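Subject: Structure for you to look at

Hi,

Here is the structure I promised to pass on. Have a look, and then read my notes below.

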Amino acid sequence: MMSERIYLASPHMGGSERRYVDLAFDTNWIAPLGANVTGFEQDLQQYLGAGYVTALSAGTAALHLAVRLAGVQRGDRVFCQSLTFSASANPIVYEGGEPVFLDSEPDTWNLDPETVEAAIARFGAPKALIAVHLYGMPGKLDAIRSLCDAHGILLIEDAAEALGSVYHGQKCGTFGHYGVLSFNGNKIITTSGGGMLLSDDEAGISEARVWATDAQHALKMATQAREPVAWYEHTELGYNYRMSNICAGIGRGQMEVLEQRVAQKRAIHDRYCDALDGLPLQLPAEPEDVRSNRWLTAALLAPDCGVTPGQIIAALAEHNIEARHIWKPMHLQPVFRDCAFVKTAERSVAEDVFARGVCLPSDTKMTPEQQAQVCAVIRG
């Protein structure tokens, strides 16, 4: 067994984070506001090149506020990609909405536009649609956004795994009415825990039309929805969702190495492609004019290869190497057993990817020599 553990994905500091964190201590701005929060938001806004940004305590908090801003209420249907993490779907239920889970397409494993059309034909237009960029690979945004525009559906873009990914020259997270980023410890950059809500500059998308921008409304809700009066007064529900100035300081330092991390992730993927060539597995290719940040490299085993994802994970674990199954689709989760699921293929793509897929170590601190050891175990 190897003595040094190889992780699936873990935090990777760039060197400047401590300087920004020290600034928070030196100025005594430890609360969820301060120069780091403002600076981190400005860094993201400049990098993305569009919209408004609000730094929050988690990506899930950002998605919850997006669902609130979309006006989802009890009984409203929200279409959601099934092949994703539960955090993509949970906020729908927080607001009493009804998730309708949709199947994936085989090219990127993301939301299938044909299935979106089928779901609209079956249920009518939903209140909102949540599209996810799985493992950093952009979904088919042109077709999905066209369908949303044609049917008046609010598009929520879950780009939690896709910071640094680009679709037809535009950064992921900026295509929807709302976008969501995550800075959890395993993401391509981290703030320890945190997220970002992205919104376009269109006023009055939410039902609270007094707000000039949804970003202003989101900021209010994220700070307990306190009204701007001399006493504590609240006219709507609020949340303690604001990012701390310390975490934001980590984020400012991480932004300085974001493109370096994307390059490292992509190099890891390319090395897997070379080292595992000839084995009965498939590594998803990038569509034309798309850049995936390759947050996690995932492999799809051939149906008749005689090896299961669990066996590969167990073999790697014997050598102190972390790997994981693909996300279990939401329509297969016990907590969502009563929710509808829509597919157009004879066999669900999401179910097939879950059954045959495995996430390989994609840690940016992993050396090429360590990655070669990972590949040697897989080749067995």
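Let me start with helix α3: the residues G59, A61, A62, L63, H64, L65, A66, V67, R68 and L69 are buried there. By "buried" I mean under 20% relative accessible area, with over 50% called exposed and anything in between partly exposed (1.4 Å probe, protein chains only). That makes ten of the eleven residues of α3 (residues 59-69), so this helix is largely enclosed by the rest of the structure. Just after α3 comes G71, with a positive phi of about 80 degrees. Helices (H or I, at least four residues) and strands (E, at least two) are DSSP runs, numbered from the N terminus.

Before you read on, two notes on the source. This is a predicted model, so local features need pLDDT of at least 70 and side-chain atom pairs count only at pLDDT 80 or more, while totals for chains, interfaces and linings use all residues. Residues are numbered from 1 along each chain as its sequence is written, and side-chain values use heavy atoms, with hydrogens and water left out.

Now the overall picture. The protein chain has twelve helices and 15 strands. Its C-alpha trace spans about 70 × 55 × 35 Å along the principal axes. The radius of gyration of the protein chain is 21 Å, which agrees with the value near 21 Å for a compact globule of 380 residues; the radius is taken over C-alpha atoms, and the globule rule is 2.2 Å times the number of residues to the power 0.38. Of those 380 residues, 56% count as buried.

Contacts here mean heavy atoms within 4.5 Å. Looking at contacts between residues at least 6 apart in sequence, 71% join residues at least 24 apart.

Next, the aromatics. Rings of Phe, Tyr and Trp (its six-membered ring) pair if their centres lie within 6.5 Å; planes under 30 degrees apart are stacked, over 60 edge-to-face, and the rest tilted. The count by this rule is seven aromatic pairs. One of them is F101 with F336, edge-to-face at 5.1 Å centre to centre and 65 degrees between the planes. This pair links distant parts of the chain, 235 residues apart: F101 sits in strand β3 (residues 98-102), and F336 in the loop between β13 (324-325) and β14 (340-342). F101 counts as buried at 0% relative accessibility, and F336 does too at 4%. Y167 and F175 also pair edge-to-face, with 5.7 Å centre to centre and 80 degrees between the planes. Y167 is buried at 8%, as is F175 at 7%.

Ring pairs also link F85, Y135, W295 and W327 into a cluster. F85 lies in the loop between β2 (77-81) and α4 (90-94) and is partly exposed, at 42%. Leaving aside neighbours within four places in sequence, F85 is in contact with W327 and M330.

- S199 lies in strand β9 (residues 195-199) and is buried at 6%. Beyond its neighbours within four places in sequence, S199 is in contact with G51, Y52, H177, Y178, D214 and A215.
- Q264 is in helix α9 (residues 258-275) and is partly exposed at 22%. With neighbours within four places in sequence set aside, Q264 is in contact with H12 and T364.
- S192, in the loop between β8 (178-182) and β9, has a positive phi near 85 degrees without being a glycine. S192 is exposed at 51%.
- D289 is not a glycine either, yet has a positive phi of about 60 degrees; D289 is found in the loop between β10 (281-282) and β11 (290-291).

Cheers
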